[in-house]
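Student: I have a model open on my screen and would like to learn how to read it. Could you take me through it?

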There are 2 protein chains.
Amino acid sequence: MIGLAGLPELEHGDDLGHLIAAAAARVGGLEPGDIVVVAQKAVSKVEGRVVHLEDVEPSALAAELAGADGDPRQVEVILQESAEIVRSRPPLVIAQTRHGFVCASAGVDASNAKGPGTLILLPVDPDRSAARLREEIERRTGVAPGVIVSDSFGRAWRQGTTDVALGIAGIAALRDLRGTRDSRGYELRSTLIAVADEIAGAAELVMGKAAGVPAAIVRGVRAPGDGRGVDLLMPRERDLFR
Amino acid sequence: MIGLAGLPELEHGDDLGHLIAAAAARVGGLEPGDIVVVAQKAVSKVEGRVVHLEDVEPSALAAELAGADGDPRQVEVILQESAEIVRSRPPLVIAQTRHGFVCASAGVDASNAKGPGTLILLPVDPDRSAARLREEIERRTGVAPGVIVSDSFGRAWRQGTTDVALGIAGIAALRDLRGTRDSRGYELRSTLIAVADEIAGAAELVMGKAAGVPAAIVRGVRAPGDGRGVDLLMPRERDLFR
């Protein structure tokens with residue numbers, strides 16, 4: 001895992017693929033088979049997925065869910081990003097986004113760098129964002145890396161966040177070992193591994209929220225396939241927790 | 001990440017610390033700051049946490065929860081390992097273990113290598129298992145690595161498993177960035193990172209269920225601290241999903 005530092009503060013329309021290719025060149029360049037993990041916030045900024053609280057008119061439901069401690073305008077933006085509220089305890093909202101991700105605040109995050117009153121939303125289509133970045137990076141470097149657009153999600157029952165894959169291009173989302181046999185010849189069961197989430201989490205170890213490292217190269221992990229971030233969503237009919 | 005292969009099929013009473021030290025020596029040895037991740041199944045086998053179905057008398061509740069497709073004896077073992085059933089859809093049981101972990105089957109797993117009819121339970125105290133391994137490895141090598149006892153857990157709302165930390169010794173469980181500032185001077189919020197879970201997931205990428213690699217060395221990750229696996233459990237009063 002190699003952190004990619006030195007990217008500038010990102011603005012709507014910036015060529016993120018070019019900036020990542022340049023950062024990768026400073027650490028020796030990309031190699032075939034490399035996976036580039038990019039923080040969702042970086043992708044959302046260049047895609048203009050930014051909202052200013054002063055432009056938001058909160059609904060009555062937003063005011064109710066915000067409670068005494070929350071900002072109704074921020075909750076209003078969360079509601080607009082949500083397909084369904086899964087749980088709420090004011091001012092906390094766990095929602096299913098329109099993509100199908102279940103996460104805190106429907107992925108809506110306050111922006112530190114953009115200043116107070118600025119919110120960053122998830123990309124409209126993280127898989128498309130990942131595919132576009134893969135193309136841009138290939139055009140610049142000649143190498144088409146796997147790409148993961150990652151975000152920090154909390155988990156039911158466990159403390160702390162781990163980074164997971166929202167958008168994927170050029171690698172597998174899941175490694176399916178069902179039907180394969182282990183080293184002693186026994187068939188493996190219940191062995192669908194969320195390999196893209198594990199790669200996203202591994203990359204977080206060198207990215208870090210405080211360090212200004214919004215991307216990383218993961219080298220030496222084989223995850224061949226053509227997965228999508230939405231492959232990692234539990235189908236509704238199998239979901240015991242909604 | 002360096003997978004540690006070549007360990008024998010493990011039996012109750014085997015000196016796992018010695019076997020890991022020997023495997024590490026074959027790949028150049030341990031370095032100060034290394035973290036050793038060991039699969040829970042390996043730890044449970046040497047600790048004798050093995051049950052044979054033929055010795056189990058199922059209760060009426062176990063028969064009910066097993067449904068038509070499950071084995072009531074296996075569900076009986078799951079119930080004995082459980083403090084609480086969180087969800088059930090026969091034959092699937094999501095339970096809180098007596099340690100506090102919420103996971104499928106209370107962590108009870110069929111053993112491939114031990115043959116049909118054999119179940120492996122979670123260690124009685126995974127933090128103590130990790131601490132003991134750390135001591136054993138230090139005695140053999142002179143290096144006291146961080147140790148994580150890992151297991152593959154499913155997640156609410158997401159497909160596939162990722163490996164997480166059940167037991168921890170010599171490293172942090174969580175990285176708490178609350179109150180710290182990012183590279184631009186803005187205070188970070190909601191930034192409690194489950195770093196031990198991310199390390200466990202990263203190690204899974206080189207361990208692999210099918211490959212006969214029950215342990216790995218993770219090198220170059222700084223996670224100073226003295227965390228415990230139970231630090232990663234969401235306190236009941238803050239848990240929105242039980």
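Student: Which rotation superposes chain A on chain B?

Tutor: Two copies of a chain are related by a rotation about an axis and a shift along it. In this predicted model, a rotation of 180 degrees with 0.0 Å of shift along its axis brings chain A onto chain B, with an RMSD of 0.0 Å; the superposition is by least squares on the C-alpha atoms of residues with pLDDT of at least 70 in both copies. The two copies are thus related as by a two-fold rotation axis. The residue of chain A that comes closest to this axis is A:Ala202, with its C-alpha at 2.4 Å.

Student: What should I know about the numbering and the values?

Tutor: Residues count from 1 along each chain as its sequence is written, and chains are lettered from A and ligands numbered from 1 in the order in which they are written. Local features need pLDDT of at least 70 and side-chain atom pairs count only at pLDDT 80 or more, while totals for chains, interfaces and linings use all residues; side-chain values use heavy atoms, leaving out hydrogens and water.

Student: How many residues of each chain are in contact?

Tutor: Contact means heavy atoms within 4.5 Å. Here 65 residues of chain A touch 65 residues of chain B. The copies meet through the same surface, because 100% of the interface residues of chain A are also interface residues in chain B.

Student: How much area do chain A and chain B bury between them?

Tutor: The size of an interface is often given as the accessible area lost when the parts come together. Chain A and chain B bury about 5800 Å² between them (1.4 Å probe, summed over both), with 57% of it on carbon and sulfur atoms. In chain A, the residues that lose the most area to chain B are A:Trp157, A:Arg158 and A:Gln159, together 16% of what that side buries.

Student: How many salt bridges are there between the chains?

Tutor: A salt bridge puts a side-chain nitrogen of Lys or Arg within 4 Å of a carboxyl oxygen of Asp or Glu. The count between chain A and chain B is four. B:Arg155 and A:Asp197 meet in a salt bridge at 2.7 Å, N to O.

Student: Which domains does chain A have?

Tutor: An automatic or database assignment sets the bounds: domain 1 (1-47 + 124-242) and domain 2 (50-122). Their C-alpha centres lie 25 Å apart. The contact takes 19 residues from domain 1 and 17 residues from domain 2. One salt bridge crosses between these domains of chain A.

Notes:
Buried area = accessible area lost by both parts, 1.4 Å probe.
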